[in-house]
Amino acid sequence: MEIKKIFVAGAGLMGGGIAQVCAQAGYHVTMRDISDEILGKSLKAISWSAGKFVEKGKVKGTVDEIMARLNLTTDLSAAADADFVFEAEMYIDEKYGKEAVNLIENILANEERQLHCYEEMITERLRVTDEETE
Ligand SMILES: NC(=O)c1ccc[n+]([C@@H]2O[C@H](COP(=O)([O-])OP(=O)(O)OC[C@H]3O[C@@H](n4cnc5c(N)ncnc54)[C@H](O)[C@@H]3O)[C@@H](O)[C@H]2O)c1
């Protein structure tokens, strides 16, 4: 299956790093977090770090080209047409924790999509699931 669109849930240390590596490798990435402020901070960090890779000749293209492959959103539905999803959220509270669990369960439930999923939040997921069943 050809991967055209990557979705990264969470724009923190892990999510930002994953999104950066994917964009540097030439993939179009949509990164989602819960606020524009968090996304903006992450974008700044990615741009700075990508600049270092470009300076050292470790990646192809310019910083602008790499950054142009990154889309930011607070909208969870942007995951719907992704070919590959990375989960990199940190459990914050019940609302966002449940949302993260639902993201994976809803997407994986759609077998036709044959979506690949790499999950970084095993511990948080188990904790939320436990709380839900109590
Ligand atoms: N940092 C590491 O070295 C590392 C290593 C292995 C695994 N992990 C795991 O990766 C996950 C993220 O870690 P991190 O270091 O990036 O944390 P972080 O705190 O830097 O970032 C987590 C981000 O997730 C966001 N978030 C929370 N709920 C969300 C939701 N429902 N949708 C979208 N975004 C949401 C938060 O706003 C935050 O920006 C954690 O589960 C952690 O256990 C981290």
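**Note on the predicted model: helices H1 and H2 and their strands**

1. The buried residues of helix H1 are Gly15, Gly16, Ile18, Ala19, Gln20, Cys22, Ala23 and Gln24. They pack against E1, E2, H2, H3, E3 and E4. Gly26 follows H1 and has a positive phi, near 100°. These remarks, like those below, concern a predicted model.

2. As to the overall layout, the protein contains five helices and five strands. Along the sequence their order is β-α-β-α-α-β-β-α-β-α. The protein has 134 residues, of which 28% count as buried. Of the contacts between residues at least 6 apart in sequence, 68% link residues at least 24 apart.

3. Strand E1 (residues 5-9) pairs with E2 in the parallel sense, over five bridges. The chain passes from E1 through H1 (residues 13-24) to E2, in a β-α-β crossover that is right-handed. Within this pairing, Ile6 has Val29 of E2 as its bridge partner.

4. E2 also runs parallel to strand E3 (residues 70-73), to which four bridges join it. Here Met31 has Leu72 of E3 as its bridge partner. Strand E2 covers residues 28-32, and four of these five residues are buried, so the strand is largely enclosed by the rest of the structure.

5. Helix H2 (residues 36-55) has 20 residues, which at 1.5 Å a residue should span 28 Å; the end C-alpha atoms are 28 Å apart, in agreement with that value. Its buried residues are Leu39, Ser42, Ile46 and Ala50. Viewed down the axis of H2, these fall within an arc of 70°, so they line one face of the helix. The general rule is that an α-helix has 3.6 residues a turn, so residues three or four places apart point the same way.

6. The buried residues of H2 pack against H1, E2, helix H3 (63-68) and E3. On the face turned away from this buried side, H2 carries the exposed residues Glu37, Lys44, Trp48, Lys52 and Glu55. Just after the helix, Gly57 adopts a positive phi of about 70°.

7. Setting aside residues up to four places away in sequence, Leu39 touches Ala11, Met31, Asp33 and Leu72. Two of the residues it touches, Met31 and Leu72, are bridge partners of each other. The C-alpha atoms of Leu39 and Gly16 are separated by 9.0 Å, although the two residues are 23 apart along the chain.

8. The largest nonpolar core comprises 23 residues, and those with the most contacts inside it are Phe7, Val8, Ala9, Ala19, Val29 and Met31. At least two residues of this core come from each of E1, H1, E2, H2, strand E4 (84-87) and helix H4 (94-109). As for Phe7, its contacts beyond the neighbours within four places in sequence are Thr30, Arg32, Ala78, Ala79, Ala82 and Val85.

How values were computed. Residues are numbered from 1 along each chain as its sequence is written. This is a predicted model: local features need pLDDT of at least 70, side-chain atom pairs count only at pLDDT 80 or more; totals for chains, interfaces and linings use all residues. A residue is buried if 20 or more other C-beta atoms lie within 10 Å of its own, exposed if 12 or fewer, and partly exposed in between; C-beta atoms are placed from the backbone. Two strands pair if DSSP finds at least two bridges between them. A crossover is right-handed if, with the strands pointing away from the viewer, the path from the first strand over the helix to the second runs clockwise. The expected span of a helix is 1.5 Å times one less than its number of residues. The arc is that of the directions from the helix axis to the C-beta atoms. Two residues are in contact if their C-beta atoms, placed from the backbone, lie within 7 Å. A nonpolar core is a set of buried Ala, Val, Leu, Ile, Met, Phe, Trp, Tyr and Cys residues joined through C-beta atoms within 7 Å.
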